[in-house]
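Please look at the sequence and the structure below. The report that follows goes through a sheet, some helix contacts and the overall dimensions.

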Amino acid sequence: MSTHAPTEPDLRHHGDVEVRDAAGLTDLAVNVRTGTPPSWLKARIAASLDSLAAYPDGRPARRAVARHHGVPEECVLLTAGAAEAFVLLARALRVRHPVVVHPQFTEPEAALRDAGHPVTRVLLEAADGFRLRPGAVPEEADLVVVGNPTNPTSVLHPAGALGALARPGRTLVVDEAFIDAVPGERESLVPHLAELPGSVVVLRSLTKTWGLAGLRIGYVLAGAPVIAALAEQQPLWPVGTPALAAAEACCSARARTEAEAAARVFAEDRAHLLARLREFGEIGHATAAPEGPFLLVHHPEGAELRERLRRSGYALRRGDTFPGLGPRWLRLAVRDRATTDGLVRALGAAGVR
């Protein structure tokens, strides 16, 4: 692991760019579950449209999220996706030594930079499987941001390792946007929010498992003082009525059962994808035990391979916009077995051995 100042990757590049205005491509670039949102969720969202004449009331959704996680309502803040939460944190927190653990989703660093904060990067090493070593984070860091499971590496860090980063005088932010794609939500810090020292903030997104990227809905779980500080940075009615209806619905018993079943399907489909990719000696893997609904792989000609696959009808996420990676790295979403088998045929046709 190494620590240094930010360099030049394009922090604003995201996977949706790979498939925008590209009809006919098989989308392996965006980590949203296919076949979503489910029909019952669409119905709940559609029913909310009859209430559009009234201003949004976030209280029922906030109560539902609080009940779902067993936390007080004052410890919940609904946001326009997890991306808004990063902006709120950057604006609300008075920090002097923010640290972002990379490679990870780049919006936290972009938001901190936009708010005028100098950001230190801690880069996890490929040779170490991109595992988190708490001692690599500078002691003077008063804000630490890390993803779990981490986008794009698909590493699920142990809750104990994350908890070791918490201390008085420090805000620890854990982006758990993909934790509901992990069976049992293993290694989540939510059960430990009240017991860890310092300020611990967990971010959640409902856009990945439920196919709601266009609706923009997520939430923050943290101590009441942090939630109040973040809320002061929001405009009035920051989350619209359809998104609030979705948040409430996604906390139901039915939704929890479906999300757990989807997580297990992800695990099965990921195992198939891993097995098929290991047929190619030229393809290396970020981690031997990925836990997210995506994989990070590398190839000696990664950037060129991505273009060849695109011409064959498959869109993959480039890796060089993530700090700590480079053009040899590619991220691909976990899909069903038929899609994986098609990708494998395309890899063979592209000359991968």
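Which residue in β14 is the bridge partner of Arg317? The bridge partner of Arg317 is Arg331 in β14.

## Basis of the report

This is a predicted model, in which local features need pLDDT of at least 70, side-chain atom pairs count only at pLDDT 80 or more, and totals for chains, interfaces and linings use all residues. Residues are numbered from 1 along each chain as its sequence is written, and side-chain values use heavy atoms, with hydrogens and water left out.

## Overall dimensions

The protein has 10 helices and 14 strands. Helices (H or I, at least four residues) and strands (E, at least two) are DSSP runs, numbered from the N terminus.

The radius of gyration is 20 Å, which agrees with the value near 20 Å for a compact globule of 353 residues. This radius is taken over C-alpha atoms, and the globule rule is 2.2 Å times the number of residues to the power 0.38. Along its principal axes the C-alpha trace spans about 55 × 50 × 35 Å.

## The sheet

Four strands form an open sheet in the order β10-β11-β14-β13, with antiparallel pairing. β10 (284-285) and β13 (317-318) are at the edges with a single partner strand each, so one side of each has no neighbour in the sheet. Two strands pair if DSSP finds at least two bridges between them. β13 and β14 (residues 329-333) are joined by two bridges in the antiparallel sense.

Helix α8 (residues 253-277) lies across β10, β11 (294-298) and β14, at about 15 degrees to β11. Axes are lines fitted to C-alpha atoms, for helices over the stretch in contact, and angles run from 0 to 180 degrees between N-to-C directions.

## Helix α8 with α10

The axes of α8 and α10 (residues 337-349) come within 10 Å and cross at roughly 15 degrees. The two helices are therefore roughly parallel (angles under 35 degrees). Residues in contact (heavy atoms within 4.5 Å) include Glu268 and Arg276 of α8 and Arg337 and Asp341 of α10. By class, this contact has five nonpolar, two polar and five charged residues. Ala, Val, Leu, Ile, Met, Phe, Trp, Tyr, Cys and Pro count as nonpolar, Asp, Glu, Lys and Arg as charged, and the others, Gly among them, as polar.

## Helix α2 with α7

The axes of α2 (residues 59-69) and α7 (residues 241-249) come within 8 Å and cross at roughly 25 degrees. α2 and α7 are therefore roughly parallel to each other. Pro60, Ala61 and Ala64 of α2 meet Leu244, Ala247 and Glu248 of α7. This contact has five nonpolar, no polar and one charged residues.

How values were computed:
Angles under 35 degrees count as roughly parallel, over 145 as roughly antiparallel, 65 to 115 as roughly perpendicular and the rest as oblique.
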